[in-house]
Every structure is written in C-alpha cells, then in structure tokens.
Amino acid sequence: MAMAVKAHRSNQRRQGKMQSHTLLLLATILLLLLSPEHVNAKLSSGKAHLSGVSTESLLVKFSVSTSSSAKIDLNLTSYGMYEDEKDLKFRIYVDDDWAEVKRMPLCTDKVKLSQRSIPIVFDFQGIKQDDRSNAVKGGMVEMYTARIKHEIANPPGRKKDRPRYFYFTIDDCSLEKSFHDNKIPDMRFDMSVMNGRPSMARIGMREYEHLPADEEGISTLLILTILSSGGLALLLFYKLARTIGGEVHVAILVVMAACLTNGISALCELLHLSAFNSNGYGVYSLDALSGHFEALSDSMVTLILLSIGGGWTLPSDVMGGGMASSSSSSSSSGHKLMNGVRNPAGSLLALGGNGDKKGGFVAIAIILVHVGLAQWGRTFDDDFDTYHALEHPPGRCLMILRFAFGLCFVTGVGMLRSGGRCPPSLMTFLTKFAVVGLSYFASLPGISMFVGSVLPYHQRHQALHWGASMVQACCLGSLTWLFVGGSDASAYHRLSRVGKHHEGDLTESIAASPGGKGTGPSLWRIGNTKVRLD
C-alpha cells in the first residue's frame with residue numbers, strides 16, 4: 001500500500017513538472033508574440049577585408065519604408081593600423097543604382113553613384129588581446145576603432161518615393177593603383193540600422209524600428225498559414241481518429257505531417273519575426289527551423305504527388321500494365337524514378353529488410369535534397385529564410401528540381417493511364433490530376449521568374465513569400481480532399497485503397513510490382529490499428 005502511495009505521489013510530481021514546463025513554454029511563446037516593439041535596430045556584424053582585387057566590401061542591405069529614413073550606427077574595429085586611410089570611405093547606395101554599381105569594374109566609377117560618402121577615421125585604443133578566430137592563442141594586437149552615426153532620407157534626392165533597399169559598403173579606391181595588400185589590416189564591423197517611419201501619433205516625428213520594409217505584411221501571411229495548415233491537419237486527424245483500432249492508409253499520415261510541418265514552419269518564422277522586433281536580430285535557430293520544416297513539407301508533398309502519379313494507393317490491376325511495360329524500357333530515368341516511388345512507405349521500411357530498397361533510397365534522397373538546399377540558403381542570408389529566392393543558387397537549384405520532378409510526375413501519370421485496366425472515368429480524373437500536379441511543380445518556378453523579371457526589386461521578397469505560401473496551401477488542401485473525400489467524390493475515391501477498410505485480404509502481396517519485384521511490406525501494425533502502406 002505504501003509503495004502504491006509513493007508511486008502515485010511520484011507520478012503526481014512528474015505530471016506537475018510536465019505541466020509547469022508546458023506552461024513555461026506557452027508563456028514564452030506568448031511573450032514573444034505579444035511583446036511591444038522596442039526601439040532597437042537591425043544588428044549585423046561580420047568581417048571586412050579590402051585588397052587590390054576587392055576594393056569594396058558590402059556590409060549590410062536594408063529595406064526602408066516609403067517617406068521614411070534609415071538611421072545607421074557603424075562601429076569598425078581594425079586589427080592593426082590602417083596606414084593610409086584618406087581614401088577609406090563608408091558609402092551608401094540605393095537599389096535604383098545597385099545593379100549598375102555591380103556591373104562597373106572600377107571602384108572610382110562605382111563611387112560616383114553613391115548617395116553618401118563618409119570618411120572613416122580610426123582612433124588608437126591600445127594593444128589588446130587578439131580575438132580573431134585565426135589568432136595565436138594569447139596573442140596581442142594594436143586595436144583601432146572608428147564609429148559613424150548617420151541618417152539618410154528615403155527617397156534620397158529627387159528619386160521616386162517608394163520602399164527602397166539601401167546598401168552600405170566600405171571601400172578604398174586607392175588600392176586599385178597601389179596594391180599594398182600586405183599593409184591592409186583585418187577589420188570587423190558591428191552595425192545597426194533602424195527604419196524611421198513617420199509617427200501616426202506625433203505629427204512631424206518618426207518612430208524607429210529595425211524590422212525592414214520588405215517584411216511588412218509577412219506576419220499576417222504566417223498567421224493565415226498557421227490557421228489553414230492547422231485546420232487541414234485537424235481534418236486529417238479526425239479522419240485518422242475514426243479508424244483507430246481498424247485500418248488507416250499511411251498516405252493520410254504523410255499528408256497530415258506535411259500540413260503540420262508547414263504550420264510549424266510558419267510558427268517558427270512568426271516567433272523569429274517577433275523576436276526580431278525585440279532584439280534586432282531575432283532567433284537564428286527559429287529561422288533555421290522554419291526553413292527546414294518548410295523543406296520537409298515541400299519534400300513530402302513532392303513525394304506524395306510522385307507516388308500517386310505512379311499508382312500508389314490504387315489496385316494493382318489498375319496500374320499493372322503501364323508499370324510492367326516500363327520494365328522493358330528501364331533505361332528511362334523517369335520510369336526508374338516512378339517505379340522507385342510506387343510504395344514509398346513500404347520501401348522505407350524495406351531498407352532494413354530484404355525488399356526492393358530503390359524506393360526507400362529515392363524517398364530519402366528527395367527529403368535530403370530539400371533539407372540541404374534549405375541549409376545552403378542559410379549561408380546567403382542569416383536574417384530571414386531565402387529558401388525560394390531565385391537570386392541565390394539554392395533557390396535556382398530548387399526551381400530546376402521542381403521542373404525535373406514535374407516531368408517525372410507527368411511521365412508516371414501517362415504510364416498509369418496507358419497500361420492496366422484503367423477505367424475511362426479514372427482516366428478523366430488522372431488527366432485533371434496531372435494538370436493540377438504539374439501546376440504545383442511549375443507554379444513556383446513560374447512565380448519566381450515572374451517576380452524576378454516583372455516586379456520592382458523592393459516588391460519581390462513579399463510577392464515570392466505570398467506566392468510560395470499560396471501554392472503550398474492549395475496543394476495541401478487538394479491532397480487533403482484526395483484522402484478525406486467520400487467514395488462518391490471522384491473515380492479515384494471509388495478505387496483508392498485509402499477509403500477501403502474491410503475489402504480483400506490485407507496481407508495480400510499488393511506491394512509486389514507487376515514485374516515480380518517486391519517494393520516492401522504492405523501492412524504495418526501500431527497496436528490494434530493496421531496501417532496500410534500500399
């Protein structure tokens with residue numbers, strides 16, 4: 001009896017700790033979301049080194065609102081004396097001229113387009129410990145510092161009043177002539193930039209904040225994404241809960257996971273934005289998690305579309321002929337890929353057994369490529385996720401991948417329509433499904449190219465973010481309908497194994513391909529619930 005009482009008290013203590021930890025986490029999230037905007041700047045830091053080959057260095061790019069101003073506070077640290085600093089300047093450019101600045105080969109030509117040129121004058125701070133990463137342990141170095149505080153109006157001069165990117169650089173054009181690189185010390189910069197908007201409460205005054213103008217309205221989009229993804233996930237969970245103790249198809253779990261990861265991605269980015277409003281740099285881990293969860297959602301949607309396009313969830317006689325005939329033309333990379341993703345869940349489980357492992361490797365490769373591109377994108381912008389941005393190589397690689405996957409998807413649907421005993425009604429559905437799926441794969445590259453070639457530079461970030469989110473939301477909604485709709489919703493719903501719970505022998509070799517090779521198990525048990533993988 002005493003032991004039972006102790007165990008009960010121990011359980012109560014554990015439950016109390018779990019509840020307190022949960023409440024603490026929720027309180028932290030609420031504080032981040034509801035905390036007031038402090039007057040702090042966007043904070044950036046990094047290294048800058050000039051040479052005869054690279055006479056200028058870009059420090060920060062910042063978007064400023066209409067009829068506003070940019071307030072700058074720059075601290076430069078030089079590890080050693082900058083011997084000839086008369087030509088060392090801090091310069092400010094705007095996006096109207098930046099493309100031409102990058103095209104010009106000579107520093108002396110570029111500086112003619114700058115809006116401001118401010119001399120940099122270092123002051124000796126003494127001999128201090130060298131804190132550079134490549135410094136000798138315990139080494140000492142002469143430290144010099146310079147500070148520049150400045151404010152520039154938007155629009156500058158007679159330019160059009162609109163949101164505008166400002167580019168802040170340092171340069172020394174004399175290096176093009178002298179090439180005394182060995183006398184140029186390493187420098188470190190710490191810079192804050194504030195976006196000064198006209199105050200609504202105090203006429204003639206400005207309210208300074210560090211959130212750049214290109215992030216305006218993104219919070220609303222993130223909240224809508226959380227609500228839509230959460231709603232779809234709840235709808236799928238309701239479908240799942242009705243089958244507990246019976247049968248459920250793994251496709252429902254995968255789509256629900258795609259909705260959840262999409263919602264979690266938006267939540268992480270929303271928390272990062274809120275933190276950015278408070279400290280000037282946000283929370284790097286939250287922004288990174290947002291990009292990776294977004295990549296996971298993209299990869300799961302891609303895998304689901306490719307798998308259904310290859311005949312996953314349909315009876316084996318419906319998809320038999322098309323896939324069987326592809327075995328004789330296995331040299332086609334599209335056919336190989338479609339055969340590899342016919343049963344992705346079963347193939348993943350088969351990685352630890354004796355089944356055909358090709359599909360499992362293909363599924364893992366699709367996920368890892370998306371995650372790798374998201375992480376690669378982190379190296380180009382630490383402030384906000386640039387996973388879909390065409391201006392960076394990761395974004396361009398993602399667009400190429402979408403085109404490739406779209407071609408494979410259309411190939412798989414064509415193979416499915418041309419073989420087996422595909423009913424005419426299913427052929428009509430597959431035609432529509434091919435159009436919808438191809439639209440998903442082609443829409444993001446299309447949106448990115450439209451945004452990059454038609455819209456002004458200052459509107460591209462917001463337009464791409466909204467476009468990518470809308471495409472993902474529409475696709476997740478379509479997939480949810482595909483697996484939640486009743487048997488009378490379409491020809492696919494009447495034939496699909498997703499909605500069938502008591503027909504046929506669940507242990508039949510449905511996972512065996514028409515060519516005779518197994519692609520993995522067709523059934524997985526979680527307690528009393530049977531999860532179909534075919």
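Visitor: What is the mean pLDDT of the chain, and what share of its residues reach 70 or more?

Guide: pLDDT is the predictor's confidence in each residue, from 0 to 100; the mean for this chain is 76, and 72% of its residues reach 70 or more. This is a predicted model, in which local features need pLDDT of at least 70 and side-chain atom pairs count only at pLDDT 80 or more, while totals for chains, interfaces and linings use all residues. Residues are numbered from 1 along each chain as its sequence is written, and side-chain values use heavy atoms, with hydrogens and water left out.

Visitor: Over which residues does pLDDT stay under 50?

Guide: Where pLDDT is low, the predicted coordinates should not be read in detail. Here pLDDT stays under 50 over residues 1–41, for which the model has 29 contacts beyond four places in sequence, a contact meaning heavy atoms within 4.5 Å. Over residues 501–521 the pLDDT is also below 50, and this stretch has 44 contacts in the model beyond near neighbours in sequence.

Visitor: How many helices and strands does the chain have?

Guide: Helices (H or I, at least four residues) and strands (E, at least two) are DSSP runs, numbered from the N terminus; the chain has 15 helices and 13 strands.

Visitor: In what order do the 4 strands of the open sheet stand?

Guide: Two strands pair if DSSP finds at least two bridges between them, and in this open sheet the order is β2-β8-β4-β5, with antiparallel pairing. Strands β2 (56–64) and β5 (116–119) are at the edges and each has a single partner strand, so one side of each is left without a neighbour in the sheet. Between β2 and β8 (residues 164–172) there are 8 bridges, and Leu58 has Thr169 in β8 as its bridge partner.

Visitor: Is strand β3 mostly covered or uncovered?

Guide: A residue is buried under 20% relative accessible area, exposed over 50%, and partly exposed in between (1.4 Å probe, protein chains only). Strand β3 (residues 68–79) is mostly covered, with 10 of its 12 residues buried, and of the 534 residues of the chain, 47% count as buried.

Visitor: Which residues of strands β7 and β9 stand opposite Asn75 and Asp73?

Guide: Strand β3 pairs in the antiparallel sense with β7 (residues 140–154) over 12 bridges, where Asn75 stands opposite Arg147. Strand β3 is also joined to β9 (residues 186–198) by 11 bridges, again antiparallel, and there Asp73 faces Ser192 as the residue opposite.
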